[in-house]
Amino acid sequence: MTAPHLRTTYLTTPAPVADSSPVQRTVEVVGARPVDAYVELRLAAPEIAERAQPGQFVAFAVGGETSGLLLRRSIAISTVGDGVVSVVVSAAGPGSTWLTQRRPGDTVDVVGPLGRPFPAPPAGARALLVGGGYGAAALVGLAAQLKAGGHEVAAVAGAAAADRLCSVQELTELADILAVTTDDGSSGRRGLVTLAVDELLPDCGVVYACGPMRMLQAVADAATALGVPSYVAVEESMACGIGVCMTCVLPVVGSDGATRLSRSCTEGPVFGGDRVRFDDVGTLTWDVVGADAMGVTRP
Amino acid sequence: MTALSKTVDMSTTLGSVPIPSPVLTASGCSAFGRELEPFTDLAAIGAVVTKSVQLRPRSGRPTPRMAETPSGMLNSIGLQGPGIDGLLDAELPWLAERGARAFVSIAGVRVEDFAELATRLRGVPGVAGLEVNISCPNVESRGEVFACDPAAASDVVAAVRAAADPAQPIYAKLSPDVTDIVSVARAVVDAGADGLSMINTLLGLVIDPDTMKPVLGGITGGLSGPAIRPVALRCVWQVHQALPQVPILGMGGIRTGLDALQFVLAGASAVSVGTAVFNDPSALGRIHAELAAALGTRGFASLREAVGYAHR
């Protein structure tokens, strides 16, 4: 028996693993460009670029070889091309701030590409891409791939304010329609991304989203309610990015219908939107596999 | 030939089991080895010390499970894992197929759990030995950690030694959170431990100044990384001085070959690399090469010659 809030059928299948294994390389920064509240870094990383698929990420060592900051910073790949990988960095703490201070000619130790890419859309489906804050950067490469594959693309970029929007210009060029929303109305429509999502969803056959957890939940719920499959790329904090530290887990329903605490790095970051138990993130419920051994049993 | 190119014999043993390299993974820091395959030759390292396995599958604790700290991190994973069946069905055969040695970390909440795990692992291909994770709460002693009580620690080790495959050495993993680590070491060796793994993490706490609450879901967590290296080295030094014949698998904040060298000089005949793997997934091969070079430049022809050298 499953918990009452659990579905019995799913619109998505778990994202398959990537085609290629990751590599670890010391690479040169060939571009560093402030973009409103963020910094776009361009890395000469041909072996990562040739392996990367949209939805995957890279993990940076920060602070140099003698750094006291040991944990890797995982950041979604925005685009790849001509041997160059680009990422958008938001300076949040000392590690990401160090990254935003890199300049052309500097080198960084990076591992990638990591994680599972976005699954292919249903044949002929119009795709809706939804990005929150710098999460929109993770959708640029996907938008280009979908357009190249003959799919129509509608996109929504949302943020708290205009300076927290990201990749709007790139998505404008790639998407057939782009809607912009901000919480304060400083750019586009005032409100949450769901304003635009609710309007665009009925014409779409698949949804891809990247951004804060609450936004992903709202978008996934809206898609599921209309019977549209959705895939979300989550941003959990990770220590390693490669699957060994076990810190980035969240409750996800697997193909067998059982919920497991699944690693965002190797089993994600892309999950079926109807398979992530958003309300249970950060808790342990009795129906998670192995919860009984933790003393959490069925009430 | 320069001193650097001199070949140093890096072979060593885990108990009686020969291994080609003194550099191993650390339990809980490399899962079951699979994820390191793109970065590390798993058959060339000393062994994959597995994440601790228990009898049943465990979900582990809810997030947040980690907090970054100066030169280290605090973790509270809660021993997430597939249980012994999952280990035997999927993980150990995968390692064995690749010629990688598994040093299986076992954990339980009562003495019989440990003994049953040791029994299940008898004769399993590729299992080089067992590391007994006694830093678990003992349900029969109001949750007191086995490793903090020499008698309870001895009970576990004696039961494991009696149940385990005689060909598999067993190492007891000691906690630094004790008043006198030498007395715990002596007790578990008397109970039949073939070697000692030291040290486990130190218990720590981080409070978020914004929420004014502990960061970790499990409130306290285990501190690891270079921050604990001097503590670990002191423990290895003290135990090797008291029990010079007992093999030690040293660990605690090893990030470079020179860090590993310190543990060897203090008395470790092999080392585990843990948290450094999060920072550098290629760390094991790199540290092996750096340690070999460091031994060579210091005139050692073999790793064995350097074990405990700082005491002489």
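## Interface and selected elements

In this predicted model, 36 residues of chain B are in contact with 32 residues of chain A. On the side of chain B that touches chain A, the elements giving two or more residues are strand S5 (66–69), strand S6 (72–75) and helix H7 (276–279) of chain B. Sorted by class, that side of chain B holds 14 nonpolar, 15 polar and seven charged residues.

Strands S5 and S6 of chain B also belong to a sheet. Four strands of chain B make up this open sheet, in the order S5-S6-S16-S13, with antiparallel pairing. Its edges are S5 and strand S13 (202–205) of chain B, each of which pairs on one side only. On average, and with direction ignored, neighbouring strands of the sheet are turned by 35 degrees against each other. Within the sheet, S6(B) is joined to strand S16 (residues 220–224) of chain B over three bridges in the antiparallel sense. Here Leu74(B) stands opposite Leu223(B) of S16(B).

| Strand pair | Sense | Bridges | Residues standing opposite |
|---|---|---|---|
| S6(B) and S16(B) | antiparallel | three bridges | Leu74(B) and Leu223(B) |

S13(A) and S14(A) form a hairpin with five residues between them, and Gly257(A) in the turn has a positive phi of about 85 degrees. Because five of the five residues of S13(A) are buried, this strand is largely enclosed by the rest of the structure. Both of its faces are covered: Val249(A), Pro251(A) and Val253(A) are buried on one side, and Leu250(A) and Val252(A) on the other.

Returning to chain B, helix H3 (residues 150–163) has 14 residues and reaches 20 Å from its first C-alpha to its last, close to the 20 Å expected at 1.5 Å a residue. The buried residues of H3(B) are Ala153(B), Ser154(B), Asp155(B), Val156(B), Val157(B), Ala159(B), Val160(B) and Arg161(B). The elements of chain B against which they pack are helix H2 (111–120), strand S8 (127–133), strand S11 (170–174) and helix H4 (181–190).

Note on methods. Residues numbered from 1 in each chain as written. Chains lettered and ligands numbered in written order. Predicted model: local features only at pLDDT ≥ 70, side-chain atom pairs only at ≥ 80, totals over all residues. Contact = placed C-beta atoms within 7 Å. Nonpolar A, V, L, I, M, F, W, Y, C, P; charged D, E, K, R; others polar. Pairing = 2+ DSSP bridges. Axes fitted to C-alpha atoms, helices over the stretch in contact; angles between N-to-C directions. Expected span 1.5 Å × (residues − 1). Buried ≥ 20, exposed ≤ 12 C-beta atoms within 10 Å, placed from the backbone.
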